[in-house]
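Subject: Structure for your files

Dear colleague,

Here is the structure I promised to pass on. My notes on it follow below.

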Amino acid sequence: MSGSETWALSASEALTKFRSQELSPVEYLTAQIGRITSEDERINAVTEVVEDAVTSAREAEGFYAHASNDELAGAAAARPLLGLPIIAKEKHAIAGRTLTQGLIHERDTVAGADGAIIARVRAAGGFVHARATSPEFSCATVTHSPMWGVTRNPWNTELSPGGSSGGSGAALAAGFAPLATASDIAGSTRLPAAFTGTVGFKAPYGRIPGVQPLAADWYRGDGPMARTVADTALLARVMVGVDPSDHATIDSSGFLNGFDATSAEVVEGLRGKRIALCLRLGDFPVGQDIIANTRAVASALEAAGAIVEEIELPWTAERIFETAFTHFGNILAPAMRAATRGHEDTLADYTLQIMADAEAVASRHTFYEGLAAEAQIQAELATAMEGFEVLLAPTSAVAGLEADASYLDGITIDSTGVGRGASGADGSVGGDGAGVDGGGVRLEHYWQSHMTMPFNICNRVPIVNVPSGMADCGIPTGLQIIAHPFDDRAAFDVAAAVEQLVPWTGIAPR
């Protein structure tokens, strides 16, 4: 599949062509919608195409056709997304359109106003041309629901694109859009980015506005996804900053000022930079293909002049799970119960399961005990990162998830790195640090196979997920680049260097 196809252009490439009048926004939009029409039947990443996007594209086309150089420069500063189509996760409200969060009983609910990040996209000249699937209430790391069916990974349709922003990740990898909105409360941006070979940014808590009352949950955050680091930064710049609707938002003036992902300076800047590498974050049973890919990226950074040092963290997958699910049992589960009360018979099995699991863990630990456990994990991360600019870690211990599985009874990771829903023959539980072998590894809860939740517990740290290579099961693997609290630029600088040193195509072959 040729990357020269119009639909395959990155947002940055398309903007350059808009400004030179080599390409019109209408032509670009038409190519994106044509791609959805030809490919989404096998992937099922799109809930709807937004028809009035063409009006926005025509308005942008008219501007570019007649703009002076000064007007183009002004638009680049004031409306940096002008003419770009963006796919929005369905949970991000669009005024006058349905807002279901994948819940059948909400199918007639209509949003009264744009969500904060959608409003910012519009103000920057972008427009939503399609909406992306997610699991119910964005509560799973697979993307399927009774409402929308199964969303599949375009790299391997037997496997999931991850979740909960799985529709966004799959759509990007399939060439349905150059940019996408996402959200992350336990890995919901980073995991789909990892499984689809795209880039995702988990911003520090407060950087990007959310929707109350759950915007007050310090694990959560909305953010951007794209196929390149430059495009991810482009959309992030639009999303950040104080919003009166979200009391937690912080001043982000100057965010990523001067950052150029394609500049040689990002690689030159690696010289002498101290980078920590942690392959298992304690005892997560990471597959050997994921370890090899992560080491290869670290070696490329080292060859470019960085000082890479492997470190250990005193974590266990079980402790991370107990801490996070104490939090979820006190905040997320009550919110989900309130939103679904009386409609339990229509819910997906995994939705019922996560509420029950979170409530069970919260019944074992008080909210204060959860806060104390979080503080300990945060302190351990700060100690481990002392003297380093960033930390590198795999995004997921499991290389892939079955597209239609719910993982109600745990997960067994087979020799290919795919997590299966059925119990392993020996019923063994992983976690001895040995990685995944031919006999399989059994975990009691599938959330214990993902390496993202520690950094929602430590949710002031910025993270950029970038591709690290291919897994044995035929889909990409991801690498988390974790910086110190609110040092977003450090994470983006290293992400851009990785992208240059280990080039990657964000589009899946057909």
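Which residues form a nonpolar patch on the surface? Phe367, Tyr368 and Leu371 do, with about 320 Å² of accessible area together. Patches are made of residues with over 30% relative accessible area and no salt bridge, like charges being joined within 9 Å and nonpolar side chains (Val, Leu, Ile, Met, Phe, Trp, Tyr) within 5 Å. Areas come from the Shrake-Rupley method with a 1.4 Å probe, and for residues only the protein chains shown count as cover.

This is a predicted model, in which local features need pLDDT of at least 70 and side-chain atom pairs count only at pLDDT 80 or more, while totals for chains, interfaces and linings use all residues. Residues are numbered from 1 along each chain as its sequence is written, and side-chain values use heavy atoms, with hydrogens and water left out.

Helices (H or I, at least four residues) and strands (E, at least two) are DSSP runs, numbered from the N terminus. Leu371 counts as partly exposed because its relative accessibility is 35%; buried means under 20% relative accessible area, exposed over 50%, and partly exposed in between (1.4 Å probe, protein chains only).

Salt bridges

The structure holds 20 salt bridges, each defined as a side-chain nitrogen of Lys or Arg within 4 Å of a carboxyl oxygen of Asp or Glu. One of them joins Asp184 and Arg190, with the closest N and O atoms 2.9 Å apart. Asp184 is buried at 3% relative accessibility, and Arg190 is buried at 0%.

Another salt bridge pairs Glu310 with Arg295 (2.9 Å, N to O). This pair links distant parts of the chain, since Glu310 is in strand S10 (residues 307–310) and Arg295 in helix H10 (residues 288–303), 15 residues apart. Glu310 is partly exposed at 39% relative accessible area, as is Arg295 at 38%.

Arg420 and Glu402 also meet in a salt bridge, at 3.3 Å from N to O. Arg420 lies in strand S14 (residues 418–420) and Glu402 in the loop between strand S12 (400–401) and strand S13 (411–413), so the pair ties together parts that are 18 residues apart in sequence. Salt bridges that share partners also join Arg35, Glu39, Arg42 and Arg510 into one network.

Cysteines

The count of disulfides (pairs of cysteine sulfur atoms within 2.5 Å) comes to zero. The closest cysteine sulfur to that of Cys458 is in Cys278, 12 Å away and too far for a bond. Cys458 is buried, at 5% relative accessibility.

Largest pocket

About 660 Å³ of space lies in the largest pocket. Its lining has 33 residues, of which Lys91, Gln101, Phe137, Val211 and Leu214 lie nearest its centre. H12 (332–340) and H5 (116–123) each supply at least two lining residues, and H12 gives the most, with three. On a 1 Å grid over the protein atoms alone, a pocket is an open set of points where a 1.4 Å probe fits, with protein on both sides within 12 Å along at least five of seven lines; lining residues have an atom within 4 Å of a point. Grid points are joined across faces, edges and corners, and the volume is the space filled by probe spheres set on the points.

Buried segments

Helix H8 (residues 229–239) is mostly covered, with 10 of its 11 residues buried. Just after H8, Gly241 takes a positive phi of about 115 degrees.

Regards
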